[in-house]
Each structure stands twice: as structure tokens, then as C-alpha cells.
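Trainee: Could you show me how to read a few features of a protein model? I'd like the general idea each time, and then the actual case.

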Amino acid sequence: MVALVNSERAKVGCSPVTLNAKLSQAAQAHSADMASHNTMSHTGSDGSDPGQRITRAGYLWSTYGENVAYGYSTPGQVMAGWMASAGHKRNILDCGFKEIGVGVAQPGNYWTQDFGTVR
């Protein structure tokens with residue numbers, strides 16, 4: 001997934017994002033939450049927003065973004081879906097983001113990408 005994101009970023013001159021364990025923890029937890037509640041949303045079942053979840057994971061951000069999706073069975077499929085969506089594509093191609101975390105959970109292939117830049 002990270003290689004696919006960086007391939008798209010390279011096409012527009014953005015530097016690559018690096019995988020961050022804290023962002024990955026937040027992304028995985030959100031994917032699991034969505035899967036366990038059979039819902040796709042940027043709002044967690046506890047009412048949290050992406051910034052709150054990323055902060056809870058210990059990531060001290062100056063900026064963040066989040067992409068969510070469900071039903072795609074491969075990283076390539078979900079990336080194609082995100083790149084066909086203006087808002088999701090904007091996050092992927094935001095040159096201001098420096099790090100990424102990725103999560104996927106079953107059942108239903110619930111995907112989360114959390115992007116961030118530390119303070």
C-alpha cells in the first residue's frame with residue numbers, strides 16, 4: 001500500500017511518505033472498529049474523529065488526513081477507488097504529508113489510511 005501511495009505521489013513531484021507505527025496503530029484500530037460495527041465512517045463508534053484517534057495513538061501531529069473504504073479485496077483495488085475520488089486523491093497527493101499508517105480489517109475489507117506530519 002505504501003509503495004502504491006508513493007508511486008502516485010512521485011507522479012506529481014511529492015516526496016514519499018514513510019510508514020509510521022503510531023499512524024498505523026490508529027489506522028488499524030479504526031479499520032477494526034468499522035468492521036466490528038459494520039459501518040464506514042470517519043467518525044469512530046465512540047464519536048472520535050481522525051485527529052482524536054491519531055492523538056490517542058501518541059502521534060503529535062501538525063496536520064493529518066484520513067481515507068477510509070470498504071469492500072475492496074486488494075491494495076491495488078482500493079487505491080484505484082481512492083484515486084478516482086477527488087477528496088481521497090487530494091490526501092494521497094498532499095505533498096505536506098510526510099508519514100502514513102495503514103489498516104485493514106475483516107470481515108468486509110475495511111481500509112484506513114492515516115496521513116500525518118509531526119509538529
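Trainee: Is Cys95 buried, exposed or partly exposed, and what is its relative accessibility?
Mentor: Buried means under 20% relative accessible area, exposed over 50%, and partly exposed in between, using a 1.4 Å probe on protein chains only. Cys95 has 37% relative accessibility, so it counts as partly exposed. Cys14, at 7% relative accessible area, is buried. Keep in mind that this is a predicted model: local features need pLDDT of at least 70, side-chain atom pairs count only at pLDDT 80 or more, and totals for chains, interfaces and linings use all residues. Residues are numbered from 1 along each chain as its sequence is written, and side-chain values use heavy atoms, with hydrogens and water left out.

Trainee: Which residues form a disulfide here?
Mentor: A disulfide is a pair of cysteine sulfur atoms within 2.5 Å. Cys14 and Cys95 make one, with their sulfur atoms 1.9 Å apart. The torsion about their S-S bond is about -80 degrees, so this disulfide is left-handed. Cys14 sits in the loop between helix 1 (2–11) and strand 1 (18–19), and Cys95 in the loop between helix 5 (86–92) and strand 3 (99–105), so the bond ties together parts 81 residues apart in sequence. Those helices (H or I, at least four residues) and strands (E, at least two) are DSSP runs, numbered from the N terminus.

Trainee: How many aromatic pairs are there?
Mentor: Rings of Phe, Tyr and Trp (its six-membered ring) pair if their centres lie within 6.5 Å; planes under 30 degrees apart count as stacked, over 60 as edge-to-face and the rest as tilted. The count here is 3 aromatic pairs. One of them is Tyr70 with Tyr110: centres 5.4 Å apart and planes at 15 degrees, so that pair is stacked. Tyr70 is in strand 2 (residues 61–70) and Tyr110 in strand 4 (residues 110–118), so the pair links distant parts of the chain, 40 residues apart.

Trainee: Are Tyr70 and Tyr110 buried or partly exposed?
Mentor: Tyr70 is partly exposed, at 47% relative accessible area, whereas Tyr110 is buried, at 4% relative accessibility. Phe97 and Phe115 are stacked too, because their ring centres are 5.4 Å apart and their planes at 20 degrees. Phe97 lies in the loop between helix 5 and strand 3, and Phe115 in strand 4, so this pair joins parts 18 residues apart in sequence. Phe97 is buried at 2% relative accessibility, and Phe115 is buried at 0% relative accessible area.
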